[in-house]
Amino acid sequence: MDTENELLPNESDRIVCVKVGFIKRENLYEMTRKYWKMNLERVSLATHVLAIVDGKVKAVYIPQKWYYTQESQYLRRVEFNGIEDPDSTYIGKSVKTFYGRSANPVKYINM
């Protein structure tokens, strides 16, 4: 196994990983930031949101605000507004060891 490409999160980072990419409905940020079934109280603690495509981190966002969506077809789902971190050391790293065979698109790390 190539451990050099494995995600090694900083202890202080509270990370939410979301798998995107199966359905390209918008740009990567829009696909990552909204319509997720998550606990708003828990996810509000996140310091980083990682967009996962094919088991690897494609983008990193620093969430500024979490809230329930106002879209009627997605009620009770959460979304965030955030800032992209294009220089993050997490980009390109594999998260396969965190997901295993899980079908859940959301994974919490250090939370």
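1. A word on names to begin: helices (H or I, at least four residues) and strands (E, at least two) are DSSP runs, numbered from the N terminus. Phi of Arg 76 is positive, about 75 degrees, although Arg 76 is not a glycine. Arg 76 is also exposed, with a relative accessible area of 66%; here exposed means over 50% relative accessible area, buried under 20%, and partly exposed in between (1.4 Å probe, protein chains only).

2. Please keep in mind that this is a predicted model, in which local features need pLDDT of at least 70 and side-chain atom pairs count only at pLDDT 80 or more, while totals for chains, interfaces and linings use all residues. Residues are numbered from 1 along each chain as its sequence is written, and side-chain values use heavy atoms, with hydrogens and water left out.

3. Now for the pairings themselves. Strands of a sheet pair through backbone hydrogen bonds, either parallel or antiparallel. Strand β1 (residues 15-19) runs parallel to β2 (residues 48-53), and five bridges join them. Lys 19 has Ile 52 as its bridge partner in β2. β2 and β3 run antiparallel and are joined by five bridges, with Ala 59 in β3 as the bridge partner of Ala 51. The hairpin of β2 and β3 has two residues between the strands, and there Asp 54 takes a positive phi near 50 degrees. β3 also pairs with β4, in the antiparallel sense, over seven bridges; in β4, Val 78 stands opposite Tyr 68.

4. Which residues have the most contacts inside the largest nonpolar core? They are Val 18, Met 38 and Trp 66, in a core of 18 residues. (A nonpolar core is a set of buried Ala, Val, Leu, Ile, Met, Phe, Trp, Tyr and Cys residues joined through side-chain atoms within 4.5 Å.) Two or more residues of this core come from each of β1, α2 (40-43), β2, β3 (56-68) and β4. Apart from it lies another core, of eleven residues, including Leu 7, Leu 50, Val 57 and Val 60.

5. Trp 66 deserves a look of its own. Leaving aside neighbours within four places in sequence, Trp 66 is in contact (heavy atoms within 4.5 Å) with residues including Met 38, Leu 40, Val 43, Val 49, Val 78 and Phe 80. Ser 44 and Glu 79 are also among its contacts.

6. Cys 17 is found in strand β1 and counts as buried because its relative accessibility is 0%. Not counting residues up to four places away in sequence, Cys 17 touches Leu 50, Ile 52, Val 95, Tyr 99, Pro 105, Val 106, Lys 107 and Ile 109. Cys 17 and Tyr 90 are 73 residues apart in sequence and, C-alpha to C-alpha, 11 Å apart in space.

7. Tyr 35 lies in the loop between α1 (28-33) and α2; phi of Tyr 35 is near 75 degrees, a positive value in a residue other than glycine. With 12% relative accessibility, Tyr 35 counts as buried. Ser 94 is found in the loop between β4 and α3 and, at 9% relative accessibility, counts as buried. Beyond its neighbours within four places in sequence, Ser 94 is in contact with Asn 5, Glu 6, Leu 7, Gly 55 and Lys 56.

8. In helix α1 you will find Met 31, which is buried, with a relative accessible area of 5%. Met 31 and Gly 21 are ten residues apart in sequence and 8.0 Å apart in space, C-alpha to C-alpha.

Conventions:
Pairing = 2+ DSSP bridges.
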